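Okay, thanks everyone for coming.

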Amino acid sequence: MDHFPASTASSVPPVRTGPRDPGDAWVEGSRGRFWGRFGAAGVLALDPGKGVLLQHRAVWSHNGGTWGLPGGALHEGEEAVTGALREAYEEAAVPADNVEVLFTSLLDVGYWSYTTVVVLVQEAFDPVISDPESLELRWVPLPEVSGLELHPGFEASWPDLRARLES
């Protein structure tokens with residue numbers, strides 16, 4: 001696995017060197033423009049001793065510079081939990097075999113959906129920036145999440161997610 005220091009996450013997107021997945025495309029409709037032709041999903045990993053794992057998004061990305069979840073576009077026919085865990089591994093080295101799915105939360109706008117997959121970390125791990133989509137990965141205590149500049153979609157869902165995590 002290649003590791004990318006934060007300094008490589010510039011304001012310019014990386015040059016694509018291989019084929020794109022058919023799901024890597026924008027969809028547009030009456031409620032806005034969203035990434036992921038087949039929807040998208042991300043992982044909210046909870047380590048009770050550290051908090052939740054957040055990704056500081058590269059400046060060139062959609063809503064760049066904000067904090068959100070490791071995740072991305074689903075592949076055609078891919079289940080949301082499978083896609084979220086794949087993306088979280090690709091972007092942050094979240095080990096799928098070391099987490100327990102607690103619950104999912106779905107945002108569905110009709111022509112696009114995003115699934116937040118909330119997982120409990122079974123054994124502590126250090127996240128790794130493994131692609132140029134992150135400026136930083138950080139464990140953030142629950143009370144401190146709202147103090148960060150959050151991705152608008154995550155910001156809208158955070159109050160409900162936090163309440164469910166604390167219950």
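I'll start with confidence, then go through a strand pair, the aromatic rings and one aspartate.

First thing to keep in mind: this is a predicted model. The average pLDDT for the protein is 90, and 89% of the residues score at least 70. Residues 1–9 are another story, with pLDDT below 50. That stretch still makes 15 contacts in the model beyond near neighbours in sequence. As a rule, where pLDDT is low, the predicted coordinates should not be read in detail.

Okay, strands. Go to S9, residues 134–140. Of its 7 residues, 5 are buried, so the strand is largely enclosed by the rest of the structure. Which way does S9 pair with S4? Antiparallel, over 6 bridges, with S4 covering residues 51–57.

While you're on Arg138, look across to Val128. Val128 sits in the loop between S8, residues 113–121, and S9. The two are 10 residues apart along the chain, and their C-alpha atoms are separated by 9.8 Å. Val128 has 24% relative accessibility, so we call it partly exposed.

Buried or exposed, would you say, for His56? Buried, because its relative accessibility is 17% and the cut-off for buried is under 20%. A polar atom of the His56 side chain lies 2.8 Å from the backbone oxygen of Gly65. Leaving out residues up to four places away in sequence, His56 touches Gly65, Thr66 and Trp67, plus Glu133, Ser134, Leu135 and Glu136.

Now the rings. How many aromatic pairs does the count come to? It comes to 6. Take Trp26 and Trp35: their ring centres are 5.2 Å apart and the planes sit at 70°, so that's edge-to-face. Both are partly exposed, Trp26 with a relative accessible area of 31% and Trp35 with 26%. Then there's Phe154 with Trp158, where the centres are 5.6 Å apart and the planes at 45°, so the pair is tilted. Those two are 4 residues apart in helix H3, residues 152–166, so about one helical turn separates them. Phe154 is buried, with a relative accessible area of 5%, and Trp158 is buried too, at 3% relative accessibility. There's also a cluster, where ring pairs link Phe34, Tyr111, Trp112 and Tyr114.

Arg33 lies over the face of Trp26, 4.0 Å from the ring centre. Arg164 does likewise over Phe103, at 3.8 Å from the ring centre.

Last stop, Asp21. You'll find Asp21 in the segment before strand S1, residues 26–29. Asp21 has a relative accessible area of 22%, so it's partly exposed. A polar atom of its side chain lies 2.8 Å from the backbone nitrogen of Gly23. Setting aside neighbours within four places in sequence, Asp21 is in contact with Leu74 and His75. And Arg37, 16 residues from Asp21 in sequence, is 9.8 Å away in space, C-alpha to C-alpha.

That's my tour. Happy to go back to any of these in the viewer.

Key:
Residues numbered from 1 in each chain as written. Predicted model: local features only at pLDDT ≥ 70, side-chain atom pairs only at ≥ 80, totals over all residues. Heavy atoms only, no water. Buried < 20%, exposed > 50% of the residue type's maximum accessible area, 1.4 Å probe, protein only. Pairing = 2+ DSSP bridges. pLDDT = per-residue confidence, 0-100. Contact = heavy atoms within 4.5 Å. Polar contact = N/O pair within 3.5 Å; in protein donor to acceptor, adjacent residues only side chain to side chain. Phe/Tyr/Trp six-rings, centres within 6.5 Å; stacked < 30°, edge-to-face > 60°. Lys NZ or Arg CZ within 6 Å of the ring centre and 35° of its normal.
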